Amino acid sequence: MTTDWRRAIETQREEKDRYFGGDPHSPIPSDERESFDGLEYYPIDEAYRFELPLHEYNDPEPVTVGTSTDGERKYLRWGEFRFTVDGKDITLQAYKADPDDDRLWVPFRDATSGDKTYGAGRYLDLEGDGHRTNDGNWILDFNEAYNPTCAYSDRYECPLPPTENWLEIPIEAGEQAYH
């Protein structure tokens, strides 16, 4: 793994901390920003970074996803990633809100949810231009896993990871719980 890859993750984290601590649009409540000294993250770990094909579905199914405020959002179940973590075979669904969009949303819960990480789960956003390899695989990097905005304030509505993306294993990578 190159130091450039690791440095890119570190830079993302530093930029997010600056934004969360000082921007008026930060999801951190304004009365907490002055004492905000950064988010907690797991150490960057190459074992949680995968370059994988997306097994796209021929006819993506519409999926209704519940939200943190008892609402609903519609997505398309676009395909699945298959990989192994600590000797366990894992399948994660990838979703799209718009079929013409070149980005994937991969929400998940794991064995750390509600303990070391946000209870409702975390997200990965995969952008076509930044998360694709030259051979067409996707970079699924759990070091980039982040909490939805509702983890910081209940003024936000967040889609919840569907049960098909609830993992029984811990994913000890990415952002940890706030507070």
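## A guided tour of the salt bridges

Begin by selecting Glu-51 and Arg-49, which form a salt bridge whose closest N and O atoms are 3.3 Å apart; the term means that a side-chain nitrogen of Lys or Arg lies within 4 Å of a carboxyl oxygen of Asp or Glu. Glu-51 is partly exposed, with a relative accessible area of 46%, whereas Arg-49 is buried at 18%; here buried means under 20% relative accessible area, exposed over 50%, and partly exposed in between, with a 1.4 Å probe and protein chains only.

What you have open is a predicted model, in which local features need pLDDT of at least 70 and side-chain atom pairs count only at pLDDT 80 or more, while totals for chains, interfaces and linings use all residues. Residues are numbered from 1 along each chain as its sequence is written, and side-chain values use heavy atoms, with hydrogens and water left out.

Next, select Glu-127 and Arg-103, where a second salt bridge has its closest N and O atoms 2.9 Å apart. This pair links distant parts of the chain, since Glu-127 belongs to strand β6 (residues 122-127) and Arg-103 to strand β5 (residues 103-108), 24 residues apart. Both residues are partly exposed, Glu-127 with a relative accessible area of 30% and Arg-103 with 33%.

Then move to helix α1 (residues 3-22), which holds both Glu-10 and Arg-7, 3 residues apart, or about one turn of the helix. Their side chains meet in a salt bridge of 2.9 Å, N to O, and Glu-10 is partly exposed at 34%, as is Arg-7 at 38%.

Now show the whole protein, for which the count comes to 12 salt bridges. Coloured by charge, the protein shows 19 positive and 40 negative side chains, where Lys and Arg count as positive and Asp and Glu as negative, leaving out His and the chain ends.

Switch to a cartoon view to find 2 helices and 7 strands, which follow the pattern α-α-β-β-β-β-β-β-β along the sequence; helices (H or I, at least four residues) and strands (E, at least two) are DSSP runs, numbered from the N terminus.

Finally, with the whole protein still in view, note that the C-alpha atoms fill a box of roughly 50 × 40 × 30 Å along the principal axes, and that 47% of the 179 residues count as buried.

Key:
Charge placed at Lys NZ, Arg CZ, Asp CG, Glu CD.
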